[in-house]
Amino acid sequence: MNKIDIFIKNSNLSNELLKIARKVKNNERISEEEGLFLYENAELSFLGVLSNYLREKAHGDITYFNKNFHIEPTNICIYSCKFCSYVRKINQEGAWEFNIEDILETVKSYKNKDVTEVHIVGGVHPNRDLHYYGEMMQKIKSIIPEIQIKAFTAVELEFMIKKAKMPLVEGLKKLKEYGLDSIPGGGAEIFHIDIRKELCDEKASSEMWLKIHEAAHKVGLPSNATILYGHIEKYSHRIHHLSKLRDLQDKTGGFNTFIPLKFRKENNSLSHVGEVSSIEDLKNFAVSRIFLDNFPHIKAYWPMLGRNITQLSLSYGVDDVDGTIDDSTKIYSMAGAEDKNPKMSTQDLVHLIKKVRRIPAERDTVYNIIKKYD
Ligand code: V47
Ligand code: SF4
């Protein structure tokens, strides 16, 4: 008898929860209604057992991390999402705009630092198109040829491809030729139209976000997916979001990891909404792990959550904690994230993971293990 059999046998579960537990044990997919039932009715301990069972079935104690840094070329953006704390308009106080030379200086400083990935996201700058960013990627790879470039949210991609007057698929193929290796998960926010209209009406629609990721997968660019949770959405909107992702993953298999991003309230137009509790964070990781049965990985983005909740999340379905980051991102510190200067050495990350009795494994962008620390 394994852990989940013992749990099912010894717990006094309602019929609904018993049915879900049996489905999880038998590798059966749960429905949207069941997902919603979990959010609304399941105790955290129940969610912990199920999500941890799935996490350990897929990965054992392995917990992935990578050695990465971020580049945020600009915070100038044509859009004004209500949750965004870092957006500025041209010439507004606090606006920044690094040119390619500035960015290459940063890249040079990582040349001998043993990093495997650079994560590049920023605002949608009105004057920069696909070829501008293409030149940037080519030059980055001329400095560190082996580095993996994970860059541009679907929102940035839509704009830069349109600005270059190229069809979507051609644009993605061209970016791949320029050196793009994979696509991060940002820009997804909440797909449900009622909430998206409130949060970020102007930018790429949910349909466009999904279309871009589908096209990316078809041209051989793997990607990640996110949800921005804990603001004005209801549980039903979260399940709708997860369901759209699960459907697309059935079609393409191109997603690597799902990253729930907790809404942080500082310095944006949704500050009055407040933030959800850490219990809610763990619940959200667990339901995501259970519902997204076709996503290989669930990631806790540690700068956003803080180190303690990241450690706890490893018992609620999470198997990846992102990377060393090297204090190279401002998006979250400006929004009030736990870590104001996010930076961990490999030793710090290994220690964080080992402290909760998991096995740290350094990975590359597509989850090949580079080194295990057991
Ligand atoms: O789309 C913006 C989020 C995203 C806030 O793929 C906020 O590995 C919380 O995509 N509170 C961009 N979140 C970041 C992103 C990302 C991050 C980490 C790893 C990966 C990956 C991708 O940041 C945006 C938005 O959802 N965001 N403002 C805020 N106030
Ligand atoms: Fe622009 Fe992205 Fe901020 Fe929205 S979240 S305003 S698209 S930088």
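**Burial, ring pairs and surroundings**

Helix H2 (15–25) and helix H4 (44–59) are among the elements that cover the buried residues of H1. The model is a predicted one.

Q: What makes the buried residues of helix H1 (residues 3–10) a group on the same side of H1?
A: The buried residues in helix H1 are Ile 4, Asp 5, Phe 7 and Ile 8. They span an arc of only 160° around the axis, and therefore they lie on the same side of H1. On the other side of H1, Lys 3, Lys 9 and Asn 10 are exposed.

Q: What makes Tyr 132 and Tyr 133 an aromatic pair that is edge-to-face?
A: The distance is 5.3 Å centre to centre, with 90° between the planes. The limits are centres within 6.5 Å and planes over 60 degrees apart, so the description edge-to-face applies to Tyr 132 and Tyr 133.

Q: Why does Tyr 132 count as partly exposed, and why does Tyr 133 count as buried?
A: Buried means under 20% relative accessible area, and exposed means over 50%. Tyr 132 has 21% relative accessibility, so it counts as partly exposed. Tyr 133 has 4% relative accessibility and therefore counts as buried.

Q: Which residues do ring pairs link into a cluster?
A: The cluster consists of Phe 191, Trp 209, Phe 255, Phe 258 and Phe 295.

Q: How do you know that the charged end of Lys 113 sits over the ring of Tyr 110?
A: The charged end of Lys 113 is 4.8 Å from the centre of the Tyr 110 ring. The criterion asks for a distance within 6 Å and a position within 35 degrees of the ring normal. Lys 113 is accordingly described as sitting over the ring of Tyr 110.

Q: Why does Phe 152 count as buried?
A: Phe 152 has 0% relative accessibility, and the limit for buried is under 20%, so Phe 152 counts as buried. Phe 152 occurs in the loop between strand E3 (148–151) and helix H7 (154–163). Its phi is near 70°, a positive value in a residue other than glycine.

Q: Why does Asp 322 count as buried?
A: With 2% relative accessibility against a limit of under 20%, Asp 322 counts as buried. Asp 322 is placed in strand E7 (residues 320–325). Phi of Asp 322 is near 65°, again a positive value in a residue other than glycine.

Q: Why is Arg 358 called buried?
A: The relative accessible area of Arg 358 is 8%, and under 20% means buried, so the term applies to Arg 358. Arg 358 is in the loop between helix H16 (346–355) and E8. Not counting residues up to four places away in sequence, Arg 358 touches residues including Asn 52, Arg 55, Glu 56 and Asp 61.

Q: Why does Arg 246 count as buried?
A: Arg 246 has 7% relative accessibility; buried means under 20%, so Arg 246 counts as buried. Arg 246 lies in helix H11 (residues 235–252). Leaving aside neighbours within four places in sequence, the contacts of Arg 246 include Arg 29, Phe 291, Asp 293 and Asn 294. The C-alpha atoms of Arg 246 and Asn 294 are separated by 6.8 Å, although the two residues are 48 residues apart along the chain.

Technical notes
Residues are numbered from 1 along each chain as its sequence is written. Chains are lettered from A and ligands numbered from 1 in the order in which they are written. This is a predicted model: local features need pLDDT of at least 70, side-chain atom pairs count only at pLDDT 80 or more; totals for chains, interfaces and linings use all residues. Side-chain values use heavy atoms; hydrogens and water are left out. Buried means under 20% relative accessible area, exposed over 50%, partly exposed in between (1.4 Å probe, protein chains only). Helices (H or I, at least four residues) and strands (E, at least two) are DSSP runs, numbered from the N terminus. The arc is that of the directions from the helix axis to the C-beta atoms. Contact means heavy atoms within 4.5 Å. Rings of Phe, Tyr and Trp (its six-membered ring) pair if their centres lie within 6.5 Å; planes under 30 degrees apart count as stacked, over 60 as edge-to-face and the rest as tilted.
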